[in-house]
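Try each task before reading its solution.

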Amino acid sequence: MKSDVEISQEAKMAPITTVTNQLGIDPDDLEQYGKFKTKVNFDPTASHQDGKLILVTSINPTAAGEGKTTVTIGLGDAFKELHKNVVLALREPSLGPVMGMKGGATGGGYAQVVPMEDINLHFTGDFDALTEAHNTLAALIDNHIQHGNQLNIDPRQIVWKRVLDVNDRELRQVVIGLGGRTSGVPRQDGFDITVASELMAILCLATSLQDLKKRISKILIGYTYDRQPVYVSDLHVEGALTLLLKDAVKPNLVQTLEQTPAFIHGGPFANIAHGCNSILATKAALAYGDYAITELASALTWVPRSLWIL
């Protein structure tokens, strides 16, 4: 019995332009990352005829680990075998689980998206950009406090942590700002995993770069000494943070082993957000396919201000 890796590495992938041509995507809307991956400049406001949406969720995985992603990919390939115009929309894997017990999130057996190694490890750099944007905001908050603290932010009430895309338990709770006057104000802080960042949830709910900027401006970063909320808009840095995500907001397109088109974009954890791929990826799948198949991890239980749909 061949392993998932062996099956993936033996796959004969079509050039991604072959897949995009079948979908009727304008070549000018492509930003290719090598031969088998591309970002698509998709405009959800353009005139499209939406297909039918199929949602896979809440299934019990087997002992071997097959779950929603594997079922979704297999279902998409089955539709293609029936000569249906089908497009998948899936989440990007987080590097933390990939390196841990859970493993990758590109399916399994003969129901996989490829190139599997690339998708599981860095892909087109979306998560790297999210990590940089998140930590840039953290640095800007501390820099504001260091240089006069005009907003009167209470360092003990900063709610914006830092992130890494690995599970580093030693950094979950840390003390920062040690080293004297030039090294900031000592305070307790911590690291979350990148996919648990509010920025990840925002990226997946944004419908445009302008919408992304608007949502980022509403992020709550902490409170003042007199317990008043402080938002990103108070720091006036939403434009800079959005710039760091200008490429990450664009959906990624790859293929399955059966060359079924698959948009793979975003991946917020379901315990902090909506637990599914980006709205733009789902809208793109609906626009280019008669059937769009996607997956959902969990129901939304907590909604921060920046995620409000206004």
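**Exercise 1.** At 1.5 Å a residue, what should helix α6 (residues 126-146) span, and how far apart are its end C-alpha atoms?

Solution. Keep in mind that this is a predicted model. Start from the length: helix α6 has 21 residues. The expected span is 1.5 Å times one less than the number of residues, so the helix should span 30 Å. Then check the ends: the C-alpha atoms there are 30 Å apart, which agrees. Just after α6, look at the backbone of glycine 148, where phi is positive, at about 110°.

**Exercise 2.** Find the salt bridge between arginine 162 and aspartate 142, and work out which parts the pair ties together.

Solution. First the distance: the two side chains meet at 2.8 Å, N to O. Next the locations: aspartate 142 belongs to helix α6 and arginine 162 to strand β8 (residues 162-164), so the pair ties together parts that are 20 residues apart in sequence.

**Exercise 3.** Locate lysine 250 and glutamate 31 and describe how their side chains meet.

Solution. The two side chains form a salt bridge, with N and O 2.7 Å apart. Lysine 250 sits in the loop between α10 (238-244) and β14 (252-256), while glutamate 31 is in strand β1 (residues 30-32), so the bridge ties together parts that are 219 residues apart in sequence. Lysine 250 counts as buried at 17% relative accessibility, whereas glutamate 31, at 26%, is partly exposed. Now widen the view: Glu31 and Lys250 belong to a network of salt bridges that also links Lys246 and Asp247. In the whole structure, a search finds 13 salt bridges.

**Exercise 4.** Arginine 156 forms a salt bridge with aspartate 154. Is arginine 156 buried or exposed? Is aspartate 154 buried or exposed?

Solution. The closest N and O atoms of this pair are 3.0 Å apart. Arginine 156 has a relative accessible area of 70% and is exposed. Aspartate 154, at 3%, is buried.

**Exercise 5.** Which backbone oxygen lies 2.6 Å from a polar atom of the side chain of histidine 265?

Solution. Begin in the loop between β15 (261-264) and α11 (279-288), where histidine 265 lies. Histidine 265 is buried, at a relative accessible area of 0%. The backbone oxygen in question belongs to alanine 248.

Technical notes: Residues are numbered from 1 along each chain as its sequence is written. This is a predicted model: local features need pLDDT of at least 70, side-chain atom pairs count only at pLDDT 80 or more; totals for chains, interfaces and linings use all residues. Side-chain values use heavy atoms; hydrogens and water are left out. Helices (H or I, at least four residues) and strands (E, at least two) are DSSP runs, numbered from the N terminus. Buried means under 20% relative accessible area, exposed over 50%, partly exposed in between (1.4 Å probe, protein chains only). A polar contact is a pair of N or O atoms within 3.5 Å; within protein, one must be able to donate a hydrogen and the other to accept it, and residues adjacent in sequence count only if both atoms are side-chain atoms. A salt bridge is a side-chain nitrogen of Lys or Arg within 4 Å of a carboxyl oxygen of Asp or Glu.
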